[in-house]
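Open the model in your viewer and keep the sequence panel at hand. The stops below say what to select next and what is there.

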Amino acid sequence: MSTKDVNTMKIAPKIWRNGEFINWDEARVHVMTHAIHYGSSVFEGIRAYHTERGTAVFRLTEHIQRLLNSAKVYRMDTTYTREEICLAAVEIVRGGGMDECYLRPIIFRGLNEEKPAFGVNPFPNPIECYIAAWDWGKYLGEEALETGVDVCVSSWTRTPSNSLPAVAKAGANYMNSQLIKMEAILGGFSEGIALDDRGMVSEGSGENLFVVNNGKLITPPLGASILPGITRDSVIQIAKELGIEIQETTIQRAALYLADELFFTGTAAEITPIRSVDRITVGAGKRGEITKQLQDIYFDVIHGKRPAPNDAPWLTYVNDTEEKKTAGSSSGS
Ligand code: PMP
């Protein structure tokens, strides 16, 4: 099975749908699908990287656990276990011969065509579960990892968690993210940072945020309406191993301007330095030393060149039968 080429983007030719592998072109939904009208989806973004032992998926178990947590919050009962979904994800990457890729598992409320229900009430609609994969380059641009990006503080507030829970990675949350992103792009910035409903720093439209001050890392706490990012957690664990002090605490908007270094974390954005906020230069206006140190280690870990902190099983090697059998069975975090 070879990869499909769509406008030079490599795409895994098979998509996993409710327990079976179907062709990319067959993975279509009806326009009256509940999720399209009412935002009823939860999803994940996962990356698989090239390593010397073949392609490896980064923190697969933790991502699929977060997917199932998101589904649980929205009462979307899926019949698939974490292990089954992990194995399907591995198979999509392995079977598609993907060297590196981005994986998109999604669970959503579909349409029962025999007994359609078009109202807000989600319960009559079937739960659909899919996984697709494609080769996605650097999210904020190839150069961004080195030179950093220019960002703004958004005029849009991050949705409070008592409206849309930030712990769940739900499609609906990304309407808020889209407002943040569009405003940033139209203002000539790469990304926007949202404040929470108390005016404290929350996160980017699709990234968590870290401040470096006097050699210390500071990041908003989980209470600041942020997604509990898996890259955020990875950076915290790497920093701990390096003996860097970390504070999970509230950050004022002005502290962004005064930071020594600032960076985003996310599966798509990886670790991306921020060189200015609202056109105010951050630190030296380029990638800082601690950001670089964390990036170097992170990139070594994701490419299997050095072990994860505490030798944690962060990589699932898709061609390794042992790993395949145990995919999804590690404890996760
Ligand atoms: N916040 C938001 C809103 C996101 O969409 C993402 C990307 N999933 C993140 C943070 C970073 O999370 P992770 O490191 O798990 O990709």
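## Stop 1

Helix α5 (residues 173-186) gives 3 residues to the nonpolar patch, the largest share. Keep in mind that this is a predicted model. To see the whole patch, select Trp 156, Leu 179, Met 182 and Leu 186, which together make a nonpolar surface of about 420 Å².

Now pick out Met 182, which sits in helix α5.

Show what surrounds Ser 177: leaving out residues up to four places away in sequence, it touches Arg 158 and Ser 205.

## Stop 1: the largest nonpolar core

Nonpolar side chains tend to be buried together in soluble globular proteins. The largest nonpolar core of this model has 29 residues. Select Trp 16, Val 57, Leu 60, Ile 85, Val 93, Leu 103 and Ile 107, the residues with the most contacts inside this core. Then colour the elements that give two or more residues to the core: β6 (46-51), α2 (60-73), α3 (82-95), β8 (101-109) and β9 (127-134). Which element gives the largest share? That is α3, with 7 residues.

Centre the view on Val 93. Not counting residues up to four places away in sequence, Val 93 touches Ala 48, Thr 55, Val 57, Met 98, Cys 101, Leu 103 and Val 318.

## Stop 3

Select α3 and take the distance between its end C-alpha atoms. The 14 residues of α3 should span 20 Å at 1.5 Å a residue, and the ends are 20 Å apart, so the two values agree. Buried in this helix are Arg 82, Ile 85, Cys 86, Ala 88, Ala 89, Val 90, Ile 92, Val 93 and Gly 95. After α3 comes Gly 97, with a positive phi near 60 degrees.

How many of the 14 residues of α2 are buried? The count is 10, so that α2 is mostly covered. Select Leu 60, Thr 61, Glu 62, His 63, Ile 64, Arg 66, Leu 67, Leu 68, Ser 70 and Ala 71 to display these buried residues. Just after α2, look at Arg 75, whose phi is positive at about 55 degrees.

## Stop 2: Phe 21 on strand β4

Phe 21 is found in strand β4 (residues 20-23). Its relative accessible area of 38% makes Phe 21 partly exposed. Which residues are in contact with Phe 21, leaving aside neighbours within four places in sequence? Show Lys 14, Ile 15, Trp 16, Ala 88, Glu 91 and Ile 92. For a sense of scale, draw a C-alpha to C-alpha distance from Phe 21 to Leu 111: the two are 90 residues apart in sequence and 20 Å apart in space.

## Stop 3: helix α6

Select residues 230-242, which form helix α6. Its 13 residues reach 18 Å from the first C-alpha to the last, close to the 18 Å expected at 1.5 Å a residue. The buried residues in α6 are Ile 230, Thr 231, Arg 232, Ser 234, Val 235, Ile 236, Ile 238 and Ala 239. Just past this helix is Gly 243, with a positive phi of about 80 degrees.

## Stop 4: two residues in a loop

Finish in the loop between α8 (289-302) and β19 (315-317), where Asn 310 is found. Asp 311 lies in the loop between α8 and β19 too. Asn 310 has a phi near 55 degrees, a positive value in a residue other than glycine. Phi of Asp 311 is likewise positive, near 55 degrees. Are these residues buried or exposed? Asn 310 is exposed, with a relative accessible area of 68%, and Asp 311 is exposed at 61%.

Definitions and conventions. Residues are numbered from 1 along each chain as its sequence is written. This is a predicted model: local features need pLDDT of at least 70, side-chain atom pairs count only at pLDDT 80 or more; totals for chains, interfaces and linings use all residues. Side-chain values use heavy atoms; hydrogens and water are left out. Helices (H or I, at least four residues) and strands (E, at least two) are DSSP runs, numbered from the N terminus. The expected span of a helix is 1.5 Å times one less than its number of residues. Buried means under 20% relative accessible area, exposed over 50%, partly exposed in between (1.4 Å probe, protein chains only). A nonpolar core is a set of buried Ala, Val, Leu, Ile, Met, Phe, Trp, Tyr and Cys residues joined through side-chain atoms within 4.5 Å. Contact means heavy atoms within 4.5 Å. Patches are made of residues with over 30% relative accessible area and no salt bridge: like charges are joined within 9 Å, nonpolar side chains (Val, Leu, Ile, Met, Phe, Trp, Tyr) within 5 Å. Accessible areas come from the Shrake-Rupley method with a 1.4 Å probe; for residues, only the protein chains shown count as cover. A salt bridge is a side-chain nitrogen of Lys or Arg within 4 Å of a carboxyl oxygen of Asp or Glu.
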